[in-house]
Amino acid sequence: MPNACVAFLDRHIRAGRGERPAIVTPTSATTYGELATRVARAAGALRALGVEPEQRVALLLGDGPEWATAFFAALRIGAVAVPLNTRLARDEWVAMLDDSRAKVLIADAPHAVAVAAVRERLPALRCIVGVGAGVAPSFASLIADAKAVEEAEPVGDDDMAFWLYTSGTTGAPKAAIHLHRDLGACRHYGVEVLGARDDDCVFATSKLFFAYALGNALLIPLFVGARTVLHPAWPDPETTAAVMRQARPTLFFSVPTFYARLLRADLPRDTFRSVRHAVSAGEALPAQIAKEWRDRFGVEILDGLGATETIFMVLSNRPGASRAGTVGTPVPGTEARLLDGEGREVADGEQGVLHVRTPSASTAYWRRRDQSRRAFIGEWFRTGDVCRRDADGYYHHCAREDDLFKVAGMWVAPADVEAALRSHPDVVDAGVIGAGDDGGLLKPVAFVVPAPAAGNGLEEALSAHVAQTLAAHQRPRRIVLVPELPRTATGKLQRYVLKQRAALER
């Protein structure tokens, strides 16, 4: 695989597609030619700042043309792009900047100012470049004055392209290392599963620092010559509906929590009429949400499973053959197997930990040797997802390995208990963890977000409701009503926060 910039930008220019729109925002449109020019000049600006191949360039930006420009500019000179989550606290950014030893940070003005205030804690950081007014040097001025890098830096198959920090659902994030050759694997899911083509318009409610959006809302559309909608605002139903009206996306990507929120928003039934395929990932999509979405909007949701470590989906339902409650079958180019604790493959119907061999898998975690050895086993990536495969070859996501716990010697999968709670009409959301009782034994504890119209006595009603479908060891011993659940910026439930709260309230 040559430098990824060739496949995602240069190739389109050489094929005469420079006038095609590449990135659309609420206020602007950027063609492939304009994007390629900005990337080449931004690459020159990074070189002028002294950035060399393999050195890290961190991004702390809202979605838009500047994000794509900075990302591909780093790749173009053989440096390593490191996108950071804009919703984290300053100390979390500082920890990642220090861990990555980034030489340059390109950040929106408020984020740039926040990091600059603690610059002394980042000895490796040479320069903070601002996007927007009030920070010098500015990204725009550097690009304007820079000499374009006309030819992308030659790279080999094992050269790094970017790192992605995991979302921190179980604690401290770690950086998954990705190579230039990983990016080209987007064709397996994007083209061979979704049928992405150059007349598509793509929109994801997740942000580009999340692998799900980076892969599906930037890499796939730019690989096939399509256009993508990048919105700087954090998504809400009204913003999403406006994008659907104005840009008419044909490929739509979101997460289960947001699909549920869209269903509750009372949007017109034709809101998603332009969508050819709607996709869900991040967490298992409850079958009830999939059914309600199809009944309401007439669009099938294709649930799938990917990871920060794989960028793209490794399991996915297929258009016209989607089975609610499953994450589908292996994507072309990916092999999957389920292994027990002894490393033996399990039979259909039995639970095992998902291992995949896929061309986009990370090679290791940066400075995390022990965790790398546990996760990357030869050519296989141990995902940590507990699944079962049915007789037709469809995979059912049961839990994250870290989420399972035993009660009375029997396993409890939080997702099963959460599904039972969400099936009650007065429940908006639910999160379940195992917490010690007064005797130190683990018992299920449920945190429930009630519907606005829910009346008094919901805890007792839910206890009776789940008793109809759950075994005794699965039933929550405590039900705590909360206004919202702690989630990462990518929508994943932070169970460790619930465990901390349960321990305090015991």
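Contact here means heavy atoms within 4.5 Å, and it is in this sense that α14 (414–422), β23 (427–436), β24 (442–450) and β25 (478–481) are among the elements covering the buried residues of α15. The model is a predicted one.

**Helix α15**
- Helix α15 spans residues 458–466, and its buried residues are Leu458, Leu462, His465 and Val466.
- Viewed down the axis of α15, these buried residues fall within an arc of 85 degrees, so they line one face of the helix.

**Helix α12**
- In helix α12 (residues 287–297), the buried residues are Ile289, Ala290, Trp293, Arg296 and Phe297.
- The arc that holds the buried residues of α12, seen down its axis, is 140 degrees, so they line one face of the helix.
- Packed against the buried residues of α12 are α11 (256–264), β12 (277–280) and β13 (301–306).

**Nonpolar cores**
- The largest nonpolar core has 101 residues, of which Phe8, Phe71, Phe72, Ile106, Phe272 and Trp293 touch the most other members.
- Helix α9 (residues 211–224) supplies the largest share of this core, with 11 residues.
- Leaving aside residues up to four places away in sequence, phenylalanine 71 touches Leu59, Ala81, Pro83, Phe162, Leu214, Leu218 and Leu219.
- Another core, of 28 residues, lies apart from the largest one and includes Ala58, Val80, Val82 and Ile128.

Key. Residues numbered from 1 in each chain as written. Predicted model: local features only at pLDDT ≥ 70, side-chain atom pairs only at ≥ 80, totals over all residues. Heavy atoms only, no water. Buried < 20%, exposed > 50% of the residue type's maximum accessible area, 1.4 Å probe, protein only. Helix = DSSP H or I, 4+ residues; strand = E, 2+ residues; numbered from the N terminus. Arc of directions from axis to C-beta. Core = buried A, V, L, I, M, F, W, Y, C linked by side-chain atoms within 4.5 Å.
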